Amino acid sequence: MPERSREQLGGRRRPWLVVSSLLCTAVAIDGAIAAPECVGGTLRQAADQAGVLVGAAAGSGSIANDALYAETLAAEFSSLTAEGEMKWDHLQREPGVWNFAGADALMAFAEANEMAVRGHTLVWNQRFVDSTPDWVEELTDPTTLRAAMAEHIGMVVGRYAGRVDSWDVVNEPLKTGRSVIWENHFYDVLGIDYIAEAFVLAHAADPSALLFLNEVGISTANARFDAFYQLVVELLEQDVPIHGVGFQGHFFTGVTDPAALEQNLRAFSDLGLVVEITELDIPLVTPDETPENLAIQAQDYANVVSACLAVERCTRVTMWGLTDRHSWINGFLGDGFEPLLLDEEYQPKPAYESFRSTLLVPEPAAPVLRIAGLFVVALMVRRPRSTRPLRL
Ligand code: XIL
């Protein structure tokens with residue numbers, strides 16, 4: 001399995017970023033020189049500085065019909081996920097009838113705005129909510145279902161080869177709401193090997209794409225996490241081309257255990273896999289936009305971002321939607337839970353600021369770099385400011 005990390009995704013721990021963080025600290029100490037990336041700026045700029053990608057799920061209709069939506073998306077985010085338009089039931093609702101218009105438009109928008117693109121998702125089947133068209137659920141012969149899967153994955157991944165950097169190959173292999181149940185149409189017909197087969201097909205269609213298993217409810221220490229972890233270990237042992245694990249991050253009741261989130265991210269990072277938060281939203285604890293609730297939400301967001309930054313191979317945090325007006329939670333939980341970073345009028349909420357400022361906190365550098373940093377600080381403090389303009 002190729003070992004890849006955030007460096008290959010334009011990720012962090014690049015030397016100039018460490019220097020930039022040190023300079024940020026240095027000017028704070030010196031107190032007299034402004035450093036633009038230490039104050040103000042967009043989420044995207046803050047994420048660049050932290051060396052991670054910050055993404056949002058979006059739709060081509062909103063981009064086409066709402067200039068503010070398009071402008072905000074490109075300004076604030078460095079990565080884009082199709083909220084629905086790269087799913088099977090959208091791309092191939094009937095066998096052999098393809099609809100790439102929305103996905104192509106999203107791809108073009110991302111490229112025009114130099115945003116990375118996550119592909120979401122190739123195989124997702126649940127009893128509850130999923131993206132499998134009815135005609136696929138009617139295929140009960142293993143050979144026919146396998147052929148449909150091969151056709152779909154080959155066509156979709158092939159079309160965007162070299163442009164979509166990462167694919168959620170299989171979404172939610174565990175049944176939602178239960179601890180450990182492998183049960184869906186693909187599992188019933190093909191057995192657990194449907195997962196490995198999907199990864200092999202995706203890898204053949206685009207060997208350069210990072211391939212993810214994406215799951216919800218794996219952010220705490222429990223039997224569900226253990227079963228999911230075991231599955232990933234087995235896939236690696238079988239040399240299945242899996243490169244990453246996506247933690248969806250639909251934290252319906254608030255993030256109560258950031259230490260467990262970090263530990264679970266680290267468990268996969270320690271296996272050499274990339275990890276990402278792929279679908280983050282944090283509804284208010286009660287559907288009531290009080291300052292107290294907004295403050296709890298802001299802290300939850302800071303906790304999630306810190307957990308990602310603490311883990312070497314955590315490369316991207318993706319918000320599931322642009323503003324509270326556009327969130328799927330409005331349909332899922334009802335109105336008033338205001339789960340995202342921007343409010344319905346596109347205004348930043350306390351959560352936006354805590355997300356952004358958490359990205360801007362410089363990481364503790366390795367000891368040798370810290371010593372080098374102190375040396376830089378000493379030089380800057382000693383030199384007369386007028387003869388040494390600082391360009392950050
Ligand atoms: C949701 C979309 O946000 C909705 O617009 C759509 O109706 C259903 O799917 N987990 C996932 C996402 O992996 O694909 C889901 O997205 C949200 C839950």
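How far does a polar side-chain atom of Gln248 lie from an oxygen atom of the ligand? In this model, which is predicted, the distance is 3.3 Å.

The chain has 392 residues, and 54% of them count as buried. Its secondary structure consists of 16 helices and eight strands. Take the contacts between residues at least 6 apart in sequence: 78% of these join residues at least 24 apart.

Helix α2 covers residues 43-50, and six of its eight residues are buried, so the helix is largely enclosed by the rest of the structure. Buried here means under 20% relative accessible area. The buried ones are Leu43, Arg44, Ala46, Ala47, Gln49 and Ala50. Just after α2 comes Gly51, which has a positive phi of about 80°.

Back to the ligand. The residues around the ligand include His120, Trp124, Val129, Asn171, Glu172, His250, Glu279, Trp320 and Trp328. Glu83, Lys87 and Gln248 also belong to this group. By type, the shell divides into four nonpolar, four polar and four charged residues.

Two more distances go with the one I opened on. In the side chain of Glu83, an N or O atom is 2.5 Å from an oxygen atom of the ligand. For the side chain of Lys87, the corresponding distance is 2.8 Å. As for cover, the ligand taken alone exposes 410 Å², and the protein buries 76% of that.

Conventions: Residues are numbered from 1 along each chain as its sequence is written. This is a predicted model: local features need pLDDT of at least 70, side-chain atom pairs count only at pLDDT 80 or more; totals for chains, interfaces and linings use all residues. Side-chain values use heavy atoms; hydrogens and water are left out. Helices (H or I, at least four residues) and strands (E, at least two) are DSSP runs, numbered from the N terminus. Buried means under 20% relative accessible area, exposed over 50%, partly exposed in between (1.4 Å probe, protein chains only). Contact means heavy atoms within 4.5 Å. A residue is near a molecule or strand if one of its heavy atoms lies within 4 Å of it. A polar contact is a pair of N or O atoms within 3.5 Å; within protein, one must be able to donate a hydrogen and the other to accept it, and residues adjacent in sequence count only if both atoms are side-chain atoms. Accessible areas come from the Shrake-Rupley method with a 1.4 Å probe; for residues, only the protein chains shown count as cover. Ala, Val, Leu, Ile, Met, Phe, Trp, Tyr, Cys and Pro count as nonpolar, Asp, Glu, Lys and Arg as charged, and the others, Gly among them, as polar.
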